[in-house]
Amino acid sequence: MQDLFKKYKWQIIAGGAALAVLLIVIIVFAAQRSRKNRTYENFDVVGKTREFAETSEVNYLPSAKGVFRYTRDGAEVVNEKGKTIWNVSYNMNKPIGDSCGNAAAVGDIGAKSLYIFDGSGNANPITTAYPIEKVQVASQGVTAVWMNNGIEDYITLYKNDGTKITDMNTLVATSGFPVDITLSNDGTKLVTTFVSFEKEHIQSQLNFYNFGDVGGNYVDGLVGIESFKDEMVADVEFIDNNTLVVFGEKGFRIYDMEEIQSLKQEVKIAEPMKSVTCSDQYIGVVLESNAKGGNYIVRIYDRSGKVVDERSMTDSFSNFLIDGSDVILFNELEVYIYRIGGKDKIRIALKKSLKYVYALDDVNEFVFVGDTYLERVRLVGERRGRK
């Protein structure tokens, strides 16, 4: 009888302990969910503000280690605490840059100066054969450079050490005017878009290149060509190594390009598109609207082309990006951040000019960057939010 009592006693104790653990898990989960669904009314600066010297032109791009900042005089990566991870000096008249992961590249538009940066800040200066129009970089530093000599367009791929991988050239008379290029994250695939006019009809052409084993069986690695009549294709974006998003006047197309391109989904959009953006998980468009609820519609799609969030706005924002599950829209003196499929995080007027924003791992911490400052901020002051 005593042994039986002890047996039930320990079962009760074990059951109580398990119940206590379950309650703690539920409380923590509820607290985290509540925190993620909060709407804030202000922000506090966390830590020390980083001050930058004034300059006439500053550009910002994402970096795995913080933010990539480049000007006519040089480039640097600065982390969320304002610490410079690396910096390199150069002289350019009209720099244009791109970044992917830790790698970055900057070229001088209309000139022949190109710099490729690896994740440690090592810089490889390159003198290109022709004046530069655009650059695209992959995560390991492979860089595609679009150039023009006044008659022909050239695309050259370089390794991050400056070694040339391949050359391609096209004539405006046969291919049309170059519009955009995109390079896959691993640097093995390239897509270009051209626009031409035929009997007063506009036509867009996409060229798909694969520089891997499969592409070796094709001339210059050109594995496919697709044309679209009466449609301007102005933006092409790889969102990972194998998924491509092509934006046209009538909507966008999602391609799988593991080896050769294959159309996965075509999304038709009736409203005029004002701006577009992509992340590795989402595709976003801002549309002009005549609806009663606002002048603009922000619509977010998942990778399959399904709408996962849509809301109206009265005001226009000049910058639009998706960072994790946050949609970030901002002008020089206003920022609006909301959760995809959830509530607003914050919409607030600013006292200092804003050039770039990115989210930190914490659900309510961001980095605000202006021409002359970088601040880590924490959203504060909970209030009832709208969806």
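Is Q261 buried or exposed, and which residues is Q261 in contact with beyond its neighbours within four places in sequence?

Analyst: Q261 is buried in this predicted model. Its relative accessible area is 15%, and the cut-off for buried is under 20%, so Q261 qualifies.

Q261 sits in a loop. That loop runs between β21 (251-256) and β22 (262-268).

Now the contacts. Neighbours within four places in sequence are set aside here.

Next, the whole protein. It has 387 residues, and 46% of them are buried. Q261 belongs to that buried share. The exposed surface comes to about 19300 Å². Carbon and sulfur atoms supply 49% of that area. Among contacts between residues at least 6 apart in sequence, 42% join residues at least 24 apart.

The secondary structure comprises two helices and 33 strands. Four strands form it, in the order β3-β4-β5-β6, with antiparallel pairing. Its edge strands are β3 (59-63) and β6 (84-89), each pairing on one side only. From one strand to the next, the twist averages 15 degrees.

Inside that sheet, β4 (residues 66-70) pairs with β5 (residues 74-78). The pairing is antiparallel and spans four bridges. R69 has E76 of β5 as its bridge partner.

Methods: Residues are numbered from 1 along each chain as its sequence is written. This is a predicted model: local features need pLDDT of at least 70, side-chain atom pairs count only at pLDDT 80 or more; totals for chains, interfaces and linings use all residues. Side-chain values use heavy atoms; hydrogens and water are left out. Buried means under 20% relative accessible area, exposed over 50%, partly exposed in between (1.4 Å probe, protein chains only). Contact means heavy atoms within 4.5 Å. Accessible areas come from the Shrake-Rupley method with a 1.4 Å probe; for residues, only the protein chains shown count as cover. Two strands pair if DSSP finds at least two bridges between them. Axes are lines fitted to C-alpha atoms, for helices over the stretch in contact, and angles run from 0 to 180 degrees between N-to-C directions.
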